[in-house]
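Please read them with the structure open beside you.

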Amino acid sequence: MTQIELLGSRAKAASRILATLNAGEKIEALTTIANTLEQARKEILAANSLDLAAAKEAGMRESMLDRLMLDEDRVLSIARAVRNIAKLEDPIGETLHGFVTPNGMNIRKVRVPLGVIGIIYEARPNVTPDAASLCLKSSNAVILKGGKEAIHSNRCMVKLMRGALEQCSLPVDAIQLIEDTSRESTMELMQCNRYVDVLIPRGGAGLIQSVVQNATVPVIETGTGNCHIYIDKDADLAMGVEILYNAKTSRPSVCNAAESLLIHRDIAREFLPMAKRRLDEKHVKWLGCERAREILGKEIAPATPEDYGTEFLDYILSAKVVDSLEEAIDHITKYGTQHSEAIITENLRTSEEFTAKVDAAAVYVNASTRFTDGGEFGLGAEIGISTQKLHARGPMGLKELTTVKYIINGQGQVR
């Protein structure tokens, strides 16, 4: 048995115990995890400093360093998130539908855990406690495969969380970390069908496509966010500037940040200079079509088709002037990743056409794409943003980590 198979076997055994836990036992465990992480924050920050030092030496860019970095406030925020998850309504055991058949059998459709969830992610150590806590609350065992950039942080937090489970007399193998950061171990996890029920990749387009193309375990595709802001001819331009500024610059390294700006030709000459002045405060680099460059100046680099399809995760923005709402929707359809898209308009009919025709997990009218988040949507911390259509779509909270089971009670009926 390989190391991955051993982890899978242990997770499967733990999952059977988790399926029997009541809500109170899980609340106690999550509260203990939150307290443990909070009390050990110096230990966590020391581990994170090792990751940061290695990442800086390797030349990791600033926006990605921000994703990797933990400070005291972020650790305290992680602990609060775990406590918030503990308070959420427990989905397990909920009866979704029930009826009695003509022959007297009682049939119930009940929400149950998925079982063993594998999560493959990059240099975001906050994912480790978020994912583990959501899986525990939904009675799933989890196998975590974080990126090598965060190995010290992940190892430290998983050790602490397993210790908290042991303190509560729960199976420590409900939370496991693959410490081998090689591609080979990732590939083996992707094909561990015997023990892993579903894989959830969190990261950039390269990671997600690798999992989708190579996994034999069922995959819920998440994350890649080539998100657009379309400024309509009937937009409140000042509102549009502020929404664009927030969506692009508040945290450019996350999947719900805006990457591309579309502007109706009728307001382009007024809007683009306003937007550029605002984004210049964050030194955003613009890549524009010929009409955008004519308005903003030729110092704006030309945008290529590849640029329009890129999730930059940085202070970079592609911009295109369009002739109509239809052209904007066509552009989003061609280059978007079905994550989050926004229109800025005061025209109700235009907004309704946009929300009906744009195919994405979240479609906004006069609001920033940065709200696509489990916490903002009232789900608690999310396991990821699903950009596919089967099983789950959008921010994935507790209910998205469950499936159903039919439980039938009879009195000797035969068919």
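1. Which helices each supply at least two residues of the lining of the largest pocket? They are α5 (72–87) and α6 (127–137), where helices (H or I, at least four residues) and strands (E, at least two) are DSSP runs numbered from the N terminus. The model is a predicted one, in which local features need pLDDT of at least 70 and side-chain atom pairs count only at pLDDT 80 or more, while totals for chains, interfaces and linings use all residues. Residues are numbered from 1 along each chain as its sequence is written, and side-chain values use heavy atoms, with hydrogens and water left out.

2. The largest pocket has a volume of about 930 Å³, and of the 38 residues that line it, Arg124, Asn126, Asp130, Arg251 and Asp373 are the closest to its centre. A pocket here is an open set of points on a 1 Å grid over the protein atoms alone, where a 1.4 Å probe fits, with protein on both sides within 12 Å along at least five of seven lines, and lining residues have an atom within 4 Å of a point. Grid points are joined across faces, edges and corners, and the volume is the space filled by probe spheres set on the points. Helix α5 gives the most to this lining, with five residues. The lining of the largest pocket divides into 13 nonpolar, 13 polar and twelve charged residues, with Ala, Val, Leu, Ile, Met, Phe, Trp, Tyr, Cys and Pro counted as nonpolar, Asp, Glu, Lys and Arg as charged, and the others, Gly among them, as polar.

3. The second largest pocket has a volume of about 640 Å³ and is lined by 25 residues, of which Glu122, Gly147, Arg183, Thr186 and Leu207 lie nearest its centre. At least two residues of this lining come from each of α4 (62–68), β3 (116–121), α8 (183–190) and α9 (205–214). By class, the lining of the second largest pocket holds ten nonpolar, eight polar and seven charged residues.

4. In helix α14 (residues 325–335), the buried residues are Leu325, Ala328, Ile329, His331, Ile332 and Tyr335, where buried means under 20% relative accessible area, exposed over 50%, and partly exposed in between (1.4 Å probe, protein chains only). Asp330, Thr333 and Lys334 are exposed on the face of α14 turned away from its buried side. The cover over the buried residues of α14 includes β7 (227–231), β8 (258–264), α13 (305–308), β11 (316–322), β12 (340–344) and α15 (348–357).

5. Threonine 350 has its place in helix α15 and is buried, at 12% relative accessible area. Leaving out residues up to four places away in sequence, threonine 350 touches Asp232, Leu325, Ile343 and Thr345, a contact meaning heavy atoms within 4.5 Å.

6. Lysine 399 sits in the loop between β15 (394–395) and β16 (402–409) and is partly exposed, with a relative accessible area of 47%. With residues up to four places away in sequence not counted, lysine 399 touches Pro91, Glu94 and Arg111. Proline 102, in the loop between β1 (95–100) and β2 (106–113), counts as exposed at 92% relative accessibility.

7. How many disulfides does a search of the whole structure find? The search finds zero disulfides, a disulfide being a pair of cysteine sulfur atoms within 2.5 Å. The sulfur of cysteine 192 is too far for a bond, because the closest cysteine sulfur, in cysteine 135, is 16 Å away. The sulfur of cysteine 289 is likewise too far for a bond, its closest cysteine sulfur being that of cysteine 227, at 20 Å. Cysteine 192 counts as buried at 6% relative accessibility, and cysteine 289 counts as buried at 12%.

8. Most residues other than glycine have a negative phi. Leucine 313, in the loop between α13 and β11, has a positive phi of about 55 degrees although it is not a glycine, and leucine 313 is buried, with a relative accessible area of 9%. Glutamine 338, in the loop between α14 and β12, has a positive phi of about 60 degrees and counts as partly exposed at 28% relative accessibility.
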